[in-house]
Amino acid sequence: MKTAQELVAQAKANIQKVPVDQADNACNNADVIIDVREPAEYEAGHLNNAICIPRGVLEFKIGDLEQIKDADTKILIYCKTSGRAALAAQSLAQLGFNNVTSITGGYDAWVEAGKPVVASS
């Protein structure tokens, strides 16, 4: 049996990633930015223009987004530290999306780098 950490490591090896110091450009070029953390995490702070779709329902909700035009839609995805985002990016690739990128280090790395966040509460 594999551990969750092994699944995440395997996913990270197979997805497109962007380092946090280049994530501003990735945000500007993305058609949609998806935060796969839980709603309470999102409300406490998130990237500007990010949409919250928790990891557990992503595959069911992705098709409902108006920003999703086709398989080549540019999707930027993140979570707290990048584990859930790696699994989510891998799932989206399995669904047929060709242009999914995860932010290395996730939201925590973004905040640590002093980048701007938006709080809902």
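Start by selecting E38: beyond residues up to four places away in sequence, E38 touches C52, P54 and R84. The model is a predicted one. E38 sits in the loop between β2 and α3 (39–44). With a relative accessible area of 42%, E38 is partly exposed.

**The cysteines**

C52 is partly exposed, at 23% relative accessibility. The closest cysteine sulfur to that of C52 is in C79, at 12 Å, which is too far for a bond. Next, select C27. Is C27 buried or exposed? Its relative accessible area is 16%, so C27 counts as buried. For the sulfur of C27, the closest cysteine sulfur is again in C79, 14 Å away and too far for a bond. The structure as a whole holds zero disulfides.

**The sheet**

Switch to a cartoon view and select the strands. There are five, in an open sheet with parallel pairing, and the order across the sheet is β1-β5-β4-β2-β3. Which strands stand at the edges? They are β1 (16–18) and β3 (50–52); each has a single partner strand, so one side of each has no neighbour in the sheet. From one strand to the next, the twist averages 35°.

Zoom in on β2 and β4, which pair in the parallel sense over four bridges. Select I33 and look across to β4, where its bridge partner is L76. Then bring in α5, which packs on the sheet and touches β4 and β5; the direction of α5 makes about 150° with that of β4.

**Helix α5**

Select residues 83–95, the 13 residues of α5. At 1.5 Å a residue the helix should span 18 Å, and its end C-alpha atoms are 19 Å apart, which agrees. Colour the buried residues of α5: G83, A85, A86, A88, A89, S91 and L92. An α-helix has 3.6 residues a turn, so residues three or four places apart point the same way. What covers the buried residues of α5? The cover includes α1 (4–13), α4 (58–61), β4 (75–78) and β5 (100–103). Step just past the end of α5 to G96, which takes a positive phi of about 115°.

Nonpolar side chains tend to be buried together in soluble globular proteins. Show side chains for I34, V36, L58, I62, I75, I77 and L92, the residues with the most contacts inside the largest nonpolar core, which has 20 residues. β2 (32–35), β4 and α5 are the elements that give two or more residues to this core. α5 gives the most, with five residues.

Centre the view on I34. Leaving aside residues up to four places away in sequence, I34 touches I51, I53, L58, I62, L65, I75, L76, I77 and Y78. Another core lies apart from the largest one: it has 16 residues, and A23, Y78, I103 and A109 are among them. Selecting Y78 ends the tour at a residue that belongs to this other core and is also touched by I34.

How values were computed
Residues numbered from 1 in each chain as written. Predicted model: local features only at pLDDT ≥ 70, side-chain atom pairs only at ≥ 80, totals over all residues. Heavy atoms only, no water. Expected span 1.5 Å × (residues − 1). Buried < 20%, exposed > 50% of the residue type's maximum accessible area, 1.4 Å probe, protein only. Contact = heavy atoms within 4.5 Å. Core = buried A, V, L, I, M, F, W, Y, C linked by side-chain atoms within 4.5 Å. Disulfide = S-S within 2.5 Å. Pairing = 2+ DSSP bridges. Axes fitted to C-alpha atoms, helices over the stretch in contact; angles between N-to-C directions.
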